[in-house]
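Subject: Structure handover

Hello,

Here is the structure you asked for, with the sequence. My notes on what was found follow below it.

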Amino acid sequence: MKSFRIETPSIQNWSCHGCTACCRGGMMIELSDEEKRRIEKQGWTKADGVDPATMIVAEKGHFRLGHQSDGACVFLDAAGRCRIHSRFGEPAKPRACRLYPLTLHPVAKKLVVGVRFSCPSAADNAGKPLSDQIPALRALAELVVPEGFAGFPAPAILQEAGLDWPDFMRFVSWLDKTLSSEKQPVALKLQRALHWLGAVEKAEFDQLSGREADEILGVLSQHAAAELPSAAEAPAAPTPMERLLFRTLVFTYARRDSIQDLNAGFGYRGGMLWSMLRMAGASGRVPDLIPGLKPVRFTAIERSFGPLPSSAEATLTRFFRVKIQSLHFCGRAFYGMPLIEGFQNLALLYPVIIWLARWRAAAEERSSLTDEDIQRGISLADHHHGYSPILAAPWSRRRVRLLAQRDGISKLCGTYAS
C-alpha cells in the first residue's frame, strides 16, 4: 500500500486494559478464509478448553468465531485472557479482534481514526493518546484498509454526492466547531447543529464549495447560535407520537441479542416484539432488556434528574466530537447515509444515552446522574451505532426522517437535558 497519512482525534485516549467486555459482549467476529485456515492449524483441542467442532461456525455464507454458553468468545479462558493471544501472540488473532475498538475511515489520501465507545476504556478516555500510537495504527491499516481507498468518493451532504473531499470536510469542520464549545451544554450544541443543517437542507446548499461554503456555513452557524442562545430558547416538548417513536429507537439500542437468543426462533422473536410494544406504550415497567439493569417503572426514568455534572458534559462532548472527526456517522462508516441524515441519527444518540443513564440511576434508586451513568449509557448506545443493520432498514430511516421533519430530534435533546 502506498504511503498515507493517519489523522487521530487529539481529544481521545485509549489503551486496552484487559476488561474483556469485548470478548464477553457476544460480538460476531467474522473470519476471512486465511484466518479460518490459520486458526484451524493452531491445533486446538478440548484439553486446551476449546472444542474444535464449535470454535468456528459457518453462517450465511461466511465463517465466524464460536461462542461459549454464556455468550463469551470460545477462546476466552477462565482467567479472562484470549487463548490465541496467550499462546501465539497478538498477530495471530483475527483482524477484527486486533482492530477493536478502533475505526479507520478513508478521507481522500488519509485515514481518520475513531474509537467505538462500547469499549469501557474508550468511554472513560483511559490510556495513551491516540496520536502517540501512529505506528501501531499504520500496521493495522495495512491489514484492514483496501488498496485504492484514496479513490473512494466523499459522501453526499443531502441527497446527491458531488463535492470533493476538501469541500465535504468543510461541513464536517463546521459541525465540529459547533460541538467544540466547552461553555455550552451538549444538548444545546446539538440543537444548534441541527438548526443550521436544517437551513442547508431547506435551501439546498449541499453543493457549496470553496470560500463561499465557509462564509455561508459560518453565517448559518452564527444565526443558529443567535436563534438558540440558551437551552430555554429550545423547541417545545416532544409530542406523544414523537416520544413513542423515540422509545422504539431506545429499544433498538438497549436490546442485547446473544447467539443463543438469535437461534431461539419464534419464541424469542415473539418476546422481543412484545417488549417493543411495551416500550412503545410506556406503561408499567421497562422490559428486561439489559443484563444487570433491573426493570423499573417508566415514570422513574421520565422524571427530571437535574442538570448533568460538568464532567459528564465533557464526556459527551468528546464522544460526539470523536464521532464527527472520524466520520463515524455518515458515508461508508454509517450505512452510506448522507451527512445530514447521518448527523440526525447521531444527534438522537444524546437522548438515547441519557435515557439509558437514567435507567441505571433509577435501578439504583438515585435521583441524579453520575459520570459512570453517562459512560455506561454511551457504551450501551455505541454498541449498536453503525453496526446494527436494523438502523439502516427503510422503516428505521423513516422514523428518523419523521422526527427530523417535526423538529422532534431537537425537542428530545432539550427534554432529556435535565
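In the notes on linings, Ala, Val, Leu, Ile, Met, Phe, Trp, Tyr, Cys and Pro count as nonpolar, Asp, Glu, Lys and Arg as charged, and the others, Gly among them, as polar. Please keep in mind that this is a predicted model.

The cavity

Rolling a probe the size of a water molecule over the atoms shows where empty space is left. The structure holds one cavity of 30 Å³ or more, and the volume of this largest cavity is about 40 Å³. The lining residues are Leu249, Tyr253, Asn345, Leu348, Leu349, Leu391, Ser396 and Val400. H15 gives the most, with three residues. By class, the lining of the largest cavity has six nonpolar residues, two polar and no charged.

The second largest pocket

The second largest pocket has a volume of about 580 Å³. Its lining is made up of 24 residues, and those nearest the centre are Glu201, Ile340, Gln344, Ala404 and Gln405. At least two lining residues come from each of H8, H15, H17 and helix H18 (408-415). H8 has the largest share, seven residues. The lining of this pocket divides into eleven nonpolar, eight polar and five charged residues.

Packing around H15

H15 also takes part in two helix pairs that are worth looking at on screen. One partner is helix H8 (residues 186-203), whose axis comes within 11 Å of that of H15 and crosses it at roughly 160°. Angles over 145 degrees count as roughly antiparallel, so H8 and H15 are roughly antiparallel to each other. The crossing of H8 and H15 is left-handed.

The other partner is helix H14 (residues 310-325). The axes of H14 and H15 come within 11 Å and cross at roughly 160°, and H14 and H15 are therefore roughly antiparallel to each other. The crossing of H14 and H15 is right-handed.

The antiparallel sheet

Three strands make up an open sheet in the order E2-E4-E3, with antiparallel pairing. Strand E2 (30-31) and strand E3 (56-59) are the edge strands, and each of them pairs on one side only. E3 pairs with strand E4 (residues 62-65) over four bridges, in the antiparallel sense. Isoleucine 56 has leucine 65 in E4 as its bridge partner, and glutamate 59 has histidine 62 in E4. The hairpin of E3 and E4 has two residues between the strands, and in this hairpin lysine 60 takes a positive phi near 50°.

The mixed sheet

A further open sheet has three strands in the order E1-E6-E5, and its pairing is mixed. Strand E1 (5-7) and E5 stand at the edges with a single partner strand each, so one side of each is left without a neighbour in the sheet. On average, and with direction ignored, neighbouring strands of this sheet are turned by 30° against each other. E1 and strand E6 (residues 110-115) run parallel and are joined by three bridges. Arginine 5 stands opposite lysine 110 in E6.

Backbone points to check

Most residues other than glycine have a negative phi, and most peptide bonds are trans.

- The peptide bond from tyrosine 100 to proline 101 is cis, with omega near 5°. Proline 101 is in the loop between helix H4 (95-99) and strand E5 (102-107).
- Asparagine 125 has a positive phi, near 60°. This asparagine 125 is in the loop between helix H5 (120-123) and helix H6 (134-144).

If you open the file with one question in mind, let it be this: which element gives the most to the lining of the largest cavity? The element is H15, with three residues. H15 also supplies at least two residues of the lining of the second largest pocket, and H15 is roughly antiparallel to H8 and to H14.

Regards

Terms used
Residues numbered from 1 in each chain as written. Predicted model: local features only at pLDDT ≥ 70, side-chain atom pairs only at ≥ 80, totals over all residues. Heavy atoms only, no water. 1 Å grid on protein atoms, 1.4 Å probe; cavity = no way out; pocket = protein on both sides within 12 Å on 5 of 7 lines; lining within 4 Å. Points joined across faces, edges and corners; volume = space filled by probe spheres on them. Pairing = 2+ DSSP bridges. Axes fitted to C-alpha atoms, helices over the stretch in contact; angles between N-to-C directions. Parallel < 35°, antiparallel > 145°, perpendicular 65-115°, else oblique. Left-handed = near helix turned anticlockwise from the far one by under 90°.
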